[in-house]
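This report considers aromatic contacts, a pocket and a helix in turn.

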Amino acid sequence: MLKLLGVLSIACVFSAAAHAQATEAGSDAAETVDSETEARMLFDSAQDAYREGSFERALALFQASYDLSGRAELLYNVGLAAERTRDDERALRAFEEFVAAVPDSERRAFAETRIQVLRASLAPADEDSRYTTDVEAYL
């Protein structure tokens, strides 16, 4: 009889532990769904803001969606919005991270073009070429 009670006690403990783990796993799954839903809502709002020309707002929303979801594809949108706000360093970073994280994207070629343009615009001007251009303009 004592053996049976011992077995039943152990079974109850394992059952309670399994239930707690299942509840915790369910909670984690619910949080994931909630995070994904929130990230999607942020993305949708960002698209609306971008279409309306509210690029600062779109940038903040795309970034928040990326931060929440971690979906590297969103870096492309962050880059576009950052470029529209003339935050060229941020745009460059976002496009570079996008290309590195999603190398097979159909948007890769466009992102690489933007990277080249942004790098050129952020490069310090060569002092000698600036003066040469000025002289040639007045000849």
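## Aromatic contacts

Tyr76 and Phe98 are both buried, where buried means under 20% relative accessible area, exposed over 50% and partly exposed in between, with a 1.4 Å probe and protein chains only. The model is predicted, so local features need pLDDT of at least 70 and side-chain atom pairs count only at pLDDT 80 or more, while totals for chains, interfaces and linings use all residues. Residues are numbered from 1 along each chain as its sequence is written, and side-chain values use heavy atoms, with hydrogens and water left out.

Rings of Phe, Tyr and Trp (its six-membered ring) pair if their centres lie within 6.5 Å; planes under 30 degrees apart count as stacked, over 60 as edge-to-face and the rest as tilted. By this rule there are 5 aromatic pairs.

| Pair | Centre to centre | Angle between planes | Class |
|---|---|---|---|
| Tyr76 and Phe95 | 6.0 Å | 70° | edge-to-face |
| Tyr76 and Phe98 | 5.4 Å | 50° | tilted |

Tyr76 belongs to helix α3 (residues 74-84) and Phe95 to helix α4 (residues 88-101), so their pair ties together parts 19 residues apart in sequence. Phe98 also lies in helix α4, so its pair with Tyr76 in helix α3 ties together parts 22 residues apart in sequence. Helices (H or I) are DSSP runs of at least four residues, numbered from the N terminus. Tyr76 and Phe95 are both buried. One aromatic cluster is formed by Tyr76, Phe95, Phe98 and Phe110.

## The largest pocket

On a 1 Å grid over the protein atoms alone, a pocket is an open set of points where a 1.4 Å probe fits, with protein on both sides within 12 Å along at least five of seven lines; lining residues have an atom within 4 Å of a point. The largest pocket has a volume of about 240 Å³, taken as the space filled by probe spheres set on the points. Its lining has 14 residues, of which Arg40, Phe43, Ser65, Arg71 and Leu74 lie nearest the centre. Helices α1 (2-51), α2 (55-69) and α3 each give two or more residues to this lining, and the largest share, 5 residues, comes from α1.

## Helix α5

Helix α5 (residues 108-122) has 15 residues, which at 1.5 Å a residue should span 21 Å; its end C-alpha atoms are 21 Å apart, which agrees. Its buried residues are Ala111, Arg114, Ile115 and Leu118. These residues cover an arc of only 110° around the axis, which puts them on the same side of α5. The face turned away from this buried side carries the exposed residues Ala109, Gln116 and Ala120.

Note on methods:
Expected span 1.5 Å × (residues − 1). Arc of directions from axis to C-beta.
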